[in-house]
Amino acid sequence: MATVTDKAVTGPDPDTAVRPRKKARAPWRSTAAVVLLRVLVIVVALVLWQVMSGPVVPEYAVSKPTEVADALTRMLGSSSGWTDIEVTTVEVLAGFGLGVAAGTVMGLVLGSFPLMGRVLEPLVAALNGIPKIALAPLFLLFFGIGSWSKITIAMTGVAFVVFYNIYLGLRLRERELVEVVQVMGGRRHHVLGYVTIPTLAAPFFAALKTGGPLAILGVIGGEFIASSEGVGHELFTAAQNLDAASEFAGLIVLVVLTLALNGVLTALDGYALKRLGLAARRRPQSRS
């Protein structure tokens, strides 16, 4: 005899039920919030600087934001100010470019030939241990007080950073991937395109971002020691005259130069990694 069992139909268990996902915030909202917070921090810092200069901190040492703005306006409104900015910018770009080229060549050569790398790498490490600013008097004696002495100082600092990133990147390259490409009939240019360049892309651009500030540091240090023009020369003159407003105006110019160079390198980094297929992929947003 067949029996019929009645089953009660119940709703989903509240503990195991899938809850609707909250809508993710729009990306532009989070970006706008970050920008507003940054602006707020800068405004608060400027207000505190203006109020504390004099009663708390000696005004001759830190000046005031209003006086710094006047000094920056005078600097940007004069032909000599723009000449100094142009000279420093050219020296930074030239030293940075030559340093990247020299470091890349050294890294590729010593990384591609292991025996040469083992012989010369300790010598390179010894040279890198010398403070670059300590070499400035030697470069000044050899090249004079013109632009080439500053370019050489900047090039030296950048070259070692790029060299180590390229050299260590080649040493850490996965040998198995090289062998797979070679077994499949790939030649040197295939190994270069499918293994070497993707492996070196990230450390190379990391070296570029690290080398940018080093190039600016080398140029300014050289202009501090001996120069007749440039932002570093103006900073040294302002320090001798106890002109804090002009000192901060020159520092603002250097900050803008650093941010501009870093922005260009970041854009180039993103473009290159995207072309190589190494850029991080965004996850598709789930629809509720």
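Helices are DSSP runs of at least four residues, and strands are DSSP runs of at least two. In the predicted model described here, the chain has eleven helices and zero strands. Read from the N terminus on, the order of elements is α-α-α-α-α-α-α-α-α-α-α. The chain has 288 residues, of which 31% count as buried. When contacts between residues at least 6 apart in sequence are considered, 69% of them join residues at least 24 apart.

Charged side chains were examined next. A search of the whole structure finds one salt bridge. Lys209 has a relative accessible area of 31%, so Lys209 is classed as partly exposed.

Asp84 gives another case of a buried acidic residue. Asp84 is located in helix H4 (residues 79-112). Although Asp84 is buried, it has no salt bridge. The nearest side chain of opposite charge belongs to Lys150 and is 11 Å away. With residues up to four places away in sequence left out, Asp84 touches Glu229, Gly230, Val231 and Glu234.

Aromatic rings were then compared in pairs. A pair of aromatic rings is described by the distance of the centres and the angle of the planes. Two rings count as a pair if their centres lie within 6.5 Å, and by this rule the count comes to seven aromatic pairs. One of them is formed by Phe142 and Phe143, with 4.9 Å from centre to centre and 80 degrees between the planes. This pair is edge-to-face, because planes over 60 degrees apart fall in that class. Phe142 is exposed, with a relative accessible area of 68%, while Phe143 is partly exposed at 37%. Phe163 and Tyr167 show another arrangement: their ring centres are 5.3 Å apart and their planes meet at 15 degrees, so the pair is stacked. The stacked class applies to planes under 30 degrees apart. Both Phe163 and Tyr167 lie in helix H7, four residues apart, which is about one turn of the helix. Both residues are buried. Elsewhere, Phe139, Phe142 and Phe143 form one aromatic cluster.

Helix H7 (residues 147-171) also contains Gly169. The relative accessible area of Gly169 is 8%, so this residue is buried. Apart from its neighbours within four places in sequence, Gly169 is in contact with Tyr164, Thr199 and Leu200. Phe204 is 35 residues from Gly169 in sequence, and the C-alpha atoms of the two residues are 8.6 Å apart in space.

Key: Residues numbered from 1 in each chain as written. Predicted model: local features only at pLDDT ≥ 70, side-chain atom pairs only at ≥ 80, totals over all residues. Heavy atoms only, no water. Buried < 20%, exposed > 50% of the residue type's maximum accessible area, 1.4 Å probe, protein only. Contact = heavy atoms within 4.5 Å. Lys, Arg positive; Asp, Glu negative; His and termini not counted. Salt bridge = Lys/Arg side-chain N within 4 Å of Asp/Glu carboxyl O. Phe/Tyr/Trp six-rings, centres within 6.5 Å; stacked < 30°, edge-to-face > 60°.
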